[in-house]
Amino acid sequence: MPSGVDTGLADRRAELLVLLRRSERSKRIINALQADYLVKRVSSTSALRATLSVQGSDLLLVDSLAQGQEDMAQFCRSIRLTSSVAIIALIDTEDPEARIEVLEAGADECFPKTLSIREIKVRLSGLVRRMRLSPAAGSLSGVLRFSGWSIDPRRRLVTDPSGQTVDLTTAEFDLLWAFCRNGGKPLSRHQLLGFTRAGAAGPLERSIDVHVSRLRRKMEFNPRRPIMLRTVRLGGYIFTPRVEGLTDQSDRSDG
């Protein structure tokens with residue numbers, strides 16, 4: 001990564017919010033994860049949403065059998081309306097089409113509940129490594145503001161100038177956080193790819209254009225004539241607003 005660009009790496013233990021069906025296997029999963037994560041268990045989707053709203057979390061681990069009448073895809077879509085938290089879904093089928101549906105609904109990982117506990121730990125560890133490439137893992141205290149907008153990295157929430165929460169995907173949130181922490185600096189597609197969890201998993205650099213285009217539609221007054229997210233000649237983008245809240249030197253990239 002070139003000097004002068006904030007990588008947002010973090011060393012703290014990730015916080016994991018867990019909603020699993022009560023069983024001996026669930027106890028073993030939680031016991032196995034407590035050595036590596038700050039685990040908080042909740043007993044219902046309402047408790048999960050309340051905890052997520054008030055305290056936030058880095059990751060959610062959810063069992064489809066704990067959802068009651070709400071299926072996993074519906075649950076993921078509802079969480080994505082208010083948060084970009086990483087979602088790891090355990091579902092009660094090995095049907096690949098069901099997994100794809102849950103992933104398309106907003107989950108970061110989705111696998112059968114029969115997956116071994118060891119592999120669950122490996123999958124979570126891989127997701128956390130990718131998260132630490134994302135700028136949102138860096139400064140997790142303090143809300144940043146720009147042009148009437150605000151971005152809260154701890155709760156992974158973005159609000160517009162009217163105070164309304166804006167629905168962003170995980171990749172869109174990570175990109176916006178990267179832009180905020182590197183405002184006024186041209187960032188290439190390759191650099192931006194490294195900031196996103198999806199990018200760490202290996203899509204093409206041009207996928208960044210798709211995510212930026214979606215951000216423009218959600219944030220710009222005229223997406224065809226963007227003011228905040230401008231294209232840089234010969235490739236890349238630059239975030240033009242003045243960002244408030246980067247008071248700590250560690251939150252800035254001075255080159």
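A: Two strands count as paired if DSSP finds at least two bridges between them. The strands themselves (E, at least two residues) and the helices (H or I, at least four residues) are DSSP runs, numbered from the N terminus. The model is predicted, so local features need pLDDT of at least 70 and side-chain atom pairs count only at pLDDT 80 or more, while totals for chains, interfaces and linings use all residues. Residues are numbered from 1 along each chain as its sequence is written, and side-chain values use heavy atoms, with hydrogens and water left out.

Q: How do you know that β7 and β8 are paired?
A: Strand β7 (residues 149–152) is joined to β8 by 3 bridges, and the requirement is at least two, so the two strands are paired. They run antiparallel, and S150 has T159 of β8 opposite it.

Q: What makes β6 and β8 edge strands?
A: The open sheet has 3 strands in the order β6-β7-β8, with antiparallel pairing. β6 (144–146) and β8 (157–159) each pair on one side only. The loop between β6 and β7 holds S147, a residue with a positive phi of about 50° although it is not a glycine.

Q: Why are β2 and β5 said to stand at the edges?
A: The other open sheet contains 5 strands, ordered β2-β1-β3-β4-β5 and paired in parallel. β2 (38–41) and β5 each have a single partner strand, so one side of each has no neighbour in the sheet.

Q: What makes β4 and β5 a parallel pair?
A: Strand β4 (residues 86–91) and strand β5 (residues 109–112) share 4 bridges in the parallel sense. In β5, L90 has F111 as its bridge partner, and I91 stands opposite P112.

Q: Why is the unit of β4, α4 and β5 called right-handed?
A: A crossover has this hand if, with the strands pointing away from the viewer, the path from the first strand over the helix to the second runs clockwise. β4, helix α4 (residues 96–104) and β5 make such a right-handed β-α-β unit.

Q: Why are α2 and α3 called roughly parallel?
A: Helix α2 (residues 45–54) and helix α3 (residues 72–80) pack at about 25°, with their axes 12 Å apart. Angles under 35 degrees count as roughly parallel, over 145 as roughly antiparallel, 65 to 115 as roughly perpendicular and the rest as oblique; α2 and α3 are therefore roughly parallel.

Q: Which residues of α2 and α3 meet?
A: T45, L48, R49 and L52 of α2 meet F75, S78 and I79 of α3, where contact means heavy atoms within 4.5 Å. α2 also lies across β1 (15–19), β2 and β3 (59–63), at about 160° to β1, and α3 lies across β3 and β4, at about 170° to β4.

Note on methods
Axes are lines fitted to C-alpha atoms, for helices over the stretch in contact, and angles run from 0 to 180 degrees between N-to-C directions.
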